[in-house]
Amino acid sequence: CGRYFLEASADKLMAVFGEMPMPALAPRYNIAPTQPVPIVRQADNARREMVLVRWGLVPGWSKGPDSRYSMINARVETVATKPAYRSAFRYRRCLIPADGFYEWKASADGKQPYVLRARDRQPLALAGLWEHWQDDQGNELETCVILVRSANQQTSTVHDRMPVIVTPASFDAWLDLRIQKPQPVETLLAAQQPPELSIYPVSRDVNSPRNDRAALLDPLQETD
């Protein structure tokens, strides 16, 4: 998952994720790595909050952002054990609101982008982790990563991986930091069933993160 979009209003997001403090959000149709993105997490008072963080995880123990490494996705198969993610997996889980995401399918004339979104047009909650980094001068940075899994039968027609989509019934369990042992959380992730998705090809204009307009979601042909 290297691009996604979020156009839902604040009221629609609160209807899915609950009422909480949240930043002002404008519709975005081509969200790319290193950009600020909203996440939903559990605050110190056990209430949910929505905040903006940078997409691309920077481990707290690292020297800081490093363009040589891409930490925009973490595989569920190894997230509990990899040093870059295991602490966040136990203590800093979050939900990443999205109306849908893009995947690219290989074709004879190059990679064709597709939109994948819920058929009912409801916002999705992608499983994520967040981190806090600070250097010796006190500069701080909060970042996030999206968890990905093997594609299900529907999405495998486009790509072999897909983001983990958390159902509303599992929001509390995913965000509950008291559930720290890896096994119950891994079991929770494995049990998540994504909603029925609408999948259709779109313009290759989405290939450039400079393009960010509603027309990027227009299908090249009738939706499935």
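Which side chain meets Glu77 in a salt bridge? Arg161 does, at 3.0 Å from N to O. The model behind this report is predicted.

## Salt bridges across the chain

The whole structure holds 9 salt bridges. In the bridge of Glu77 and Arg161, Glu77 sits in the loop between β5 (73-75) and α2 (86-91), while Arg161 belongs to strand β11 (residues 161-163), so the pair ties together parts 84 residues apart in sequence. Glu77 is partly exposed, at 47% relative accessible area. Arg161 is buried, at 12%.

Asp109 and Arg204 also meet in a salt bridge, at 3.3 Å from N to O. Asp109 is in the loop between β7 and β8 (110-118), and Arg204 is in the segment after β12, so this pair ties together parts 95 residues apart in sequence. Asp109 is exposed, with a relative accessible area of 59%. Arg204 is partly exposed, with 32%.

Arg119 pairs with Glu196, their closest N and O atoms being 3.8 Å apart. Arg119 lies in the loop between β8 and β9, and Glu196 in the loop between α4 (182-190) and β12, so parts 77 residues apart in sequence are tied together. Arg119 is partly exposed, at 39% relative accessibility. Elsewhere, Arg41, Glu49 and Glu142 are linked in a network of salt bridges.

Glu103 lies in strand β7 (residues 100-107). Glu103 is buried yet has no salt bridge. Its nearest side chain of opposite charge is Arg161, 8.6 Å away. A salt bridge needs a nitrogen within 4 Å of a carboxyl oxygen, so Arg161 does not qualify as a partner for Glu103 at 8.6 Å. Beyond its sequence neighbours within four places, Glu103 contacts residues including Cys1, Tyr114, His159, Arg161 and Met162.

## Sheet and strand pairing

Five strands form an open, antiparallel sheet in the order β2-β1-β7-β8-β12. Strands β2 and β12 (197-201) are the edges, each pairing on one side only. The twist averages 25 degrees from one strand to the next. Strand β1 (residues 3-6) pairs with β2 over 2 antiparallel bridges. Leu6 has Arg28 of β2 as its bridge partner.

Strands β3 (residues 36-42) and β4 (residues 48-55) run antiparallel and are joined by 7 bridges. Val40 is bridged to Met50 in β4. Their hairpin has 5 residues between the strands, and Ala46 there takes a positive phi near 70 degrees. β4 also pairs with β10 (residues 140-150), in the parallel sense, over 2 bridges. Arg54 has Thr143 of β10 as its bridge partner.

## Nonpolar cores

The largest nonpolar core has 58 residues. Those with the most contacts inside it are Tyr4, Phe17, Phe89, Leu95, Leu129, Leu147 and Trp174. Strand β9 (residues 124-134) gives the most to this core, with 6 residues. A second, separate core has 9 residues, among them Phe5, Tyr29, Tyr200 and Val202.

## An exposed proline

Pro21 is in the loop between α1 (10-17) and β2 (28-31). Pro21 is exposed, with a relative accessible area of 55%. Leaving out residues up to four places away in sequence, Pro21 touches Arg48, Glu49 and Met50. The C-alpha atoms of Pro21 and Leu189 are separated by 26 Å, and the two residues are 168 apart along the chain.

Note on methods: Residues numbered from 1 in each chain as written. Predicted model: local features only at pLDDT ≥ 70, side-chain atom pairs only at ≥ 80, totals over all residues. Heavy atoms only, no water. Helix = DSSP H or I, 4+ residues; strand = E, 2+ residues; numbered from the N terminus. Buried < 20%, exposed > 50% of the residue type's maximum accessible area, 1.4 Å probe, protein only. Contact = heavy atoms within 4.5 Å. Lys, Arg positive; Asp, Glu negative; His and termini not counted. Pairing = 2+ DSSP bridges. Axes fitted to C-alpha atoms, helices over the stretch in contact; angles between N-to-C directions. Core = buried A, V, L, I, M, F, W, Y, C linked by side-chain atoms within 4.5 Å.
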